[in-house]
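Colleague: Could you take one part of this predicted model and go through it slowly with me? I would like a single connected account that I can follow on the display.

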Amino acid sequence: MVEYKKTDNEALVVEKHVTNLHDGFAYWSHNEKEPPALGDARWTADMILSTWLMAENGKAPTNGKEYRTGLSGGGFDQLGFKFLPEAEWLAADTEIDLSIPLNKREEGRKIDIKLPFYGGGMSYGSISEQVMLARAMAAKKMGTFTCTGEGGYPPSLVEYKDHIITQVATGMFGVREETIQYAPIVEFKYAQGAKPGLGGHLLGDKATWVVAQMRESVPWVSLFSPFPFHSVYSVEDHRKHVDWIKTVNPEALISVKVSTPTDVDMVAVGSYFAGANIVHLDGSYGGTGAAPEIAKKNIAMPIEFAIPKVHRYLESENVRDQVTVIASGGVRTAYDIAKAIALGADGCVIGTADLVAIGCTRCSNCERGRGCPFGLTTTDPLLSQLMPPEWGAERISNMYAAYAEQLRAILRMLGLSSIRELRGRRDLLKYLGMRSAA
Amino acid sequence: MSQRTLIERNVGRVLASRGNLQPKGGFALDRSDEAAEGGCGVIGMASSERVPAKHMLRALAQMRNRGNGKGGGIAAAGLTAKQFAVSDKVLHEDYLLAIAYLDSKARKEVEAEYVEPMFEVDHVYEHPQMADFSEIEGLDVRPPDVVIYFVRAQAEKLALFKAENSFEELSARELEDEFVYQNSYRLNTSYYASLGEKRAFVLSHAKNLLVLKMVGYGDDVIRYYQLEDLEAHVWIGHHRYPTKGRVWHPGGAHPFIGLNEALVHNGDFANHASISEYLAQRNIYPLYLTDTEVAVQVFDLLYRNYRYPLEYVIEAMAPTTERDFTQLPESKQAVYGRLQASHMHSSPDGPWFFLIAQSDKGKQDEDIYRLTGITDTSMLRPQVFAWQESGQGDEKVSIGFAASEKQAIDAALDSLAESDGRFWSRADRYWNARGGSHTDGGAFLFSVHEGENGKTELILTDKFGEQVRIPSHTAAFRANGYKAETELPEAPDVEQLFNKLVAQIPDWDYHDALNALEGLIELAKGEQRAKAIEAITLLMDRRYATGKLRRSSLLSLCDKAFDQMLENVRSAPSDEFAHHAFGDIMPKPANEQQCLVVDARGYEPQGEESLSREIHRLVAAGFCRLMLTHVRGHRFIGAGLGPDSAGLVIDVYGSPGDYLGSGLDGAHMIVHNNGQDQLAQIMKAGRLVVHGDVGQTFLYGAKGGECYIRGNAAGRPLINAVGKPRVVINGTCLDYLAESFMAGDPLNGGGFVILNGMRFDEAGELTPLQEPYPGGNLFSLASGGAIYVRDPMGKLTDDQLNGGEYIELSAADWELIRPYLGENERLFGVSVERLLTVNGQRLAPEQVYRKIQPGRVRALQAEEAWVKKEKTQRVGFH
């Protein structure tokens with residue numbers, strides 16, 4: 001952890017702000033009135049406030065707030081489930097299995113996660129060490145994973161290494177043999193759905209002294225990871241890349257994170273044949289308030305098209321049951337997770353929802369080092385203390401528990417006793433038709 | 001009529017005539033199956049002497065990890081008549097129509113429809129094959145039966161073809177070529193592409209050129225079709241790595257053909273659709289839906305139909321761009337500008353490397369068999385070229401190579417050397433092409449000219465048609481019954497022994513060399529084993545005047561002597577040296593300093609049984625000194641040792657594969673040869689010494705460590721390196737040196753790279769390169785670290801930078817780099833005095849070296865002041 005010698009006054013200031021923030025999250029999520037200017041069509045005010053409620057008490061809200069879908073008029077918001085008539089629901093005490101395997105191959109270590117989702121890569125520097133810790137603690141508690149992103153592996157995280165994925169991205173920031181060796185799963189980030197064709201980037205404001213130290217770069221200089229990997233220009237290079245990681249950590253499972261170009265199905269099958277255990281499709285609705293406008297939401301295929309395309313193609317190649325398909329990029333709720341799985345994914349990765357649970361309001365000030373009002377997307381030594389890791393871990397775990405409860409309910413209403421049975425059941429989905437943000 | 005109008009009119013007619021080739025109802029271009037592959041492994045060789053295919057076996061076997069067994073093929077040009085039981089006349093004058101029959105019942109129909117009515121068939125050769133394809137492990141599709149028809153177009157059919165299409169102005173050869181081309185196209189459309197079932201297709205149809213391919217690895221093709229002893233002047237071999245489809249067809253394997261050429265390809269292009277459209281507008285409809293076929297169709301169109309000189313064909317495919325374009329003479333810029341404008345949509349865009357085997361005609365209508373290697377302008381696929389030549393006059397034998405990896409070339413040379421005394425295990429020169437370079441064009445052509453007296457010559461030219469002469473005033477070694485004695489100068493230590501030898505070598509003939517090496521072998525049998533091994537290592541590593549001896553020949557003899565010494569270690573190990581080979585039980589070190597010689601043969605290039613994993617086990621068993629020998633493309637050597645491997649020393653002999661030293665964190669590695677691609681990726685600490693060149697993305701994402709490279713680095717060295725790597729490169733780099741370098745302040749613990757821009761000439765003298773750095777994008781987007789470049793003549797210009805700035809070398813800079821240059825001198829004999837001597841004059845360091853540092857990229861001055869305050873209060877990470 002970052003140690004910062006606080007003066008007495010600073011300690012009091014932090015304490016005051018933390019108290020006020022926590023009061024505010026509770027106040028607004030329980031209040032009938034909505035705060036002004038909260039949310040957008042994708043992440044509605046209702047959805048943010050419901051997520052805060054879930055983070056508080058681990059249950060879906062019962063106050064009438066719409067916690068399941070947003071009002072974007074597209075994507076998951078246009079899909080609903082064809083639930084069975086109530087008489088045909090499974091009994092409330094039916095055991096429902098939410099676990100999914102991350103290695104479906106015959107060989108290699110078997111890793112199942114208890115929930116059909118894990119946390120996506122967010123780098124040290126893009127978020128604070130406190131947020132990374134909170135996510136890692138929650139992953140451990142809930143039997144799933146989180147991911148380092150591309151900014152190094154803060155030593156405080158090593159304690160949670162069995163629940164942390166090491167990301168190897170195009171800038172190789174912070175990637176060292178030990179960080180590869182810690183990880184049960186190594187994720188190659190070939191591309192990111194929010195900005196396909198671009199590497200990761202961290203603007204100068206956020207490349208603080210500690211961040212630069214972790215990445216061994218120069219402070220206050222914007223960091224741009226290249227695109228693509230300059231060592232990987234073909235599937236044969238990719239296989240070599242996988243072989244490299246397997247040399248350093250033979251036990252590691254391999255995840256390949258790609259965006260969703262029109263030939264994403266080809267990419268998926270190529271990744272599988274080159275040794276991937278997980279193919280991670282990152283669609284374009286997703287995160288990062290820092291992605292440049294020109295890339296954001298303008299490139300790549302919507303995730304709800306990419307998932308079935310990949311799923312069907314892997315089926316036709318007879319390898320669907322050898323590889324885990326994970327979807328991400330705009331997965332905001334338990335309902336989104338269920339829809340992605342019904343479209344053909346095995347599970348999902350979530351990112352923004354983790355942050356919302358610990359106070360994010362989607363104000364999109366992420367790219368500025370001291371712009372996050374809640375102390376999340378910053379490494380400012382004072383500001384980052386607004387989010388104590390234990391508090392954050394509790395909030396994220398609660399949200400995961402609420403998701404699990406909702407997923408079980410969804411499955412029960414569909415007459416399914418395992419999340420694995422839902423995979424690829426597009427027949428259980430319906431198109432909701434045009435609705436608009438009223 | 002001008003030549004130009006004549007060509008225009010005839011090209012128009014030829015292309016129009018192909019409109020008839022389309023099946024009725026037009027051609028539905030099914031794109032659902034396109035671009036279904038990425039990487040591949042390729043090798044090509046061209047020799048003034050015909051060489052048998054078996055010499056490609058080892059090279060292809062060692063590159064299997066670049067394919068997946070779903071497509072392999074070979075092409076041969078410049079064959080011998082007797083192998084097909086035809087006369088020389090038939091071999092040279094007839095088209096070799098090689099047809100693959102997937103369905104043996106199709107043969108009668110194909111012959112009745114497309115062979116007998118069209119051609120005079122002079123000879124039918126049923127290609128031999130193995131009786132049972134399942135004898136080849138991993139082969140799950142039966143390869144096609146192959147029949148080669150030696151044919152000439154029937155006179156009346158040809159006359160009709162000419163009349164129907166107004167081809168009066170085509171030469172006889174052009175007319176018959178087009179006749180063959182269109183006939184094959186029809187055959188393929190009926191029997192392969194458009195049918196649901198695939199029954200037969202044309203493998204090749206040129207004169208004196210043969211293609212064979214199947215679903216398997218490239219080396220499987222040689223085995224299955226029993227080509228081991230088939231001789232040819234030009235060979236290419238290919239492993240394919242298709243990623244899509246459960247059913248593969250041999251038609252999808254490389255090489256693909258135009259008419260007189262066969263092409264293999266490593267990479268893929270992004271604009272396959274656009275090039276397909278370009279071809280469709282010219283009535284050319286590729287049938288196999290891969291970008292490779294499209295590429296060869298473009299080549300055939302430009303060379304055969306448009307009659308572009310090869311230089312223009314290459315320019316149209318791999319345009320000269322950026323700074324290189326501006327360096328071209330104005331007249332060339334004018335032509336190239338037009339070529340680029342015309343071929344905007346037919347120029348393959350993306351990572352690719354082409355090898356092309358051609359059966360061509362020269363100006364005097366003489367036969368030429370050619371191997372051409374072209375790399376894309378961005379150099380995104382690995383490629384290496386090599387050359388070896390021996391003998392004079394009628395005795396002269398030359399061989400050229402182009403391949404994905406140096407280790408594959410070495411494997412072919414090894415194989416040749418074992419059975420043919422005219423070859424030896426090391427090439428005279430290895431080099432990487434700089435795509436789109438203004439100096440050589442980034443493409444090299446090895447042309448075998450067959451003279452009338454049967455004497456053939458191999459000529460190496462660059463893209464511009466300039467002959468590349470690799471000086472060889474020295475004679476190569478030819479075994480001729482030397483009887484070696486043991487004659488070795490006395491010397492108390494290895495340094496003096498080496499110095500004495502180097503002083504003698506200029507007067508040596510091969511007999512003396514063999515005697516001295518025999519002396520070293522003897523010495524290595526006794527107490528002075530370490531001294532002898534070190535001395536022969538120095539002979540292999542260092543550059544010195546070799547007098548009458550060819551350097552590569554001498555090295556090859558050293559290789560053999562070195563092998564003998566290690567063999568003696570195996571049979572008589574000592575406390576100092578022990579031996580370990582694949583399959584041996586795990587040894588225990590006799591003492592901490594014991595050096596373990598590890599014979600790499602038998603270990604896989606990657607995976608559980610790999611050499612790199614064995615190294616982990618040996619280190620765990622307690623060994624601190626490893627000497628890896630007979631390394632043949634093994635990957636990841638020294639990767640996975642984990643944090644803090646200080647104290648471990650690994651010497652690497654042979655041809656190591658990619659990713660050597662990646663993640664190195666404390667250990668020392670010494671490569672006694674060239675390295676390949678991705679060396680020292682994410683290196684953290686320790687030391688890497690390479691007595692040769694290194695390949696692409698050297699030190700990608702490195703954090704620290706010391707590296708000394710005797711030769712050049714290929715593209716993008718030190719990309720995204722951070723922390724404090726300290727690097728000396730004595731040669732130069734292709735492009736993008738230190739892109740996004742972020743290695744702090746070198747004067748304050750950060751990193752740097754010294755670029756000396758020097759080479760050793762044939763006489764072992766250190767000489768400056770024409771320019772220290774030929775490319776652009778130097779220090780592009782870098783925010784930290786520095787480049788110290790030896791540039792006394794001030795040849796580097798501002799337009800080579802992209803964000804950096806030149807400043808004068810300070811005393812502090814010199815104090816910083818001087819020790820590294822000192823170590824560089826100790827390792828390679830690159831003397832600091834020589835570096836500071838320019839045109840015979842000893843200059844001050846600041847007159848010789850320039851510093852390149854990041855330009856004004858720091859926009860956050862106010863923040864920095866704040867940080868200074870922050871720093872003083874911070875304790876840091878724990």
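Modeller: In chain B of this predicted model, strand β2(B) and strand β8 (residues 231–242) run antiparallel and are joined by seven bridges, and one place to look is Leu79(B), which stands opposite Ala232(B) in β8(B). Strand β2(B) is also joined to strand β7 (residues 209–214) of chain B, again in antiparallel fashion, this time through six bridges, and here you can find Gly72(B) with Met214(B) of β7(B) as its bridge partner. Strand β2(B) itself covers residues 72–79 and is mostly covered, since eight of its eight residues are buried, where buried stands for under 20% relative accessible area.

From there we can turn to another sheet of chain B, an open one in which four strands follow the order β4-β5-β3-β6 with antiparallel pairing. The edges are taken by β4 (119–126) and β6 (200–204) of chain B, and because each has a single partner strand, one side of each is left without a neighbour in the sheet. On average, and with direction ignored, neighbouring strands of this sheet are turned by 30° against each other.

Within the sheet, strand β3 (residues 95–101) and strand β5 (residues 145–153) of chain B run antiparallel and are joined by seven bridges, with Ile148(B) in β5(B) as the bridge partner of Ala98(B). Packed on this sheet is helix α4 (residues 106–115) of chain B, which touches β3, β4, β5 and β6 of chain B and whose direction makes about 145° with that of β3(B).

Notes:
Residues are numbered from 1 along each chain as its sequence is written. Chains are lettered from A and ligands numbered from 1 in the order in which they are written. This is a predicted model: local features need pLDDT of at least 70, side-chain atom pairs count only at pLDDT 80 or more; totals for chains, interfaces and linings use all residues. Side-chain values use heavy atoms; hydrogens and water are left out. Buried means under 20% relative accessible area, exposed over 50%, partly exposed in between (1.4 Å probe, protein chains only). Helices (H or I, at least four residues) and strands (E, at least two) are DSSP runs, numbered from the N terminus. Two strands pair if DSSP finds at least two bridges between them. Axes are lines fitted to C-alpha atoms, for helices over the stretch in contact, and angles run from 0 to 180 degrees between N-to-C directions. Contact means heavy atoms within 4.5 Å.
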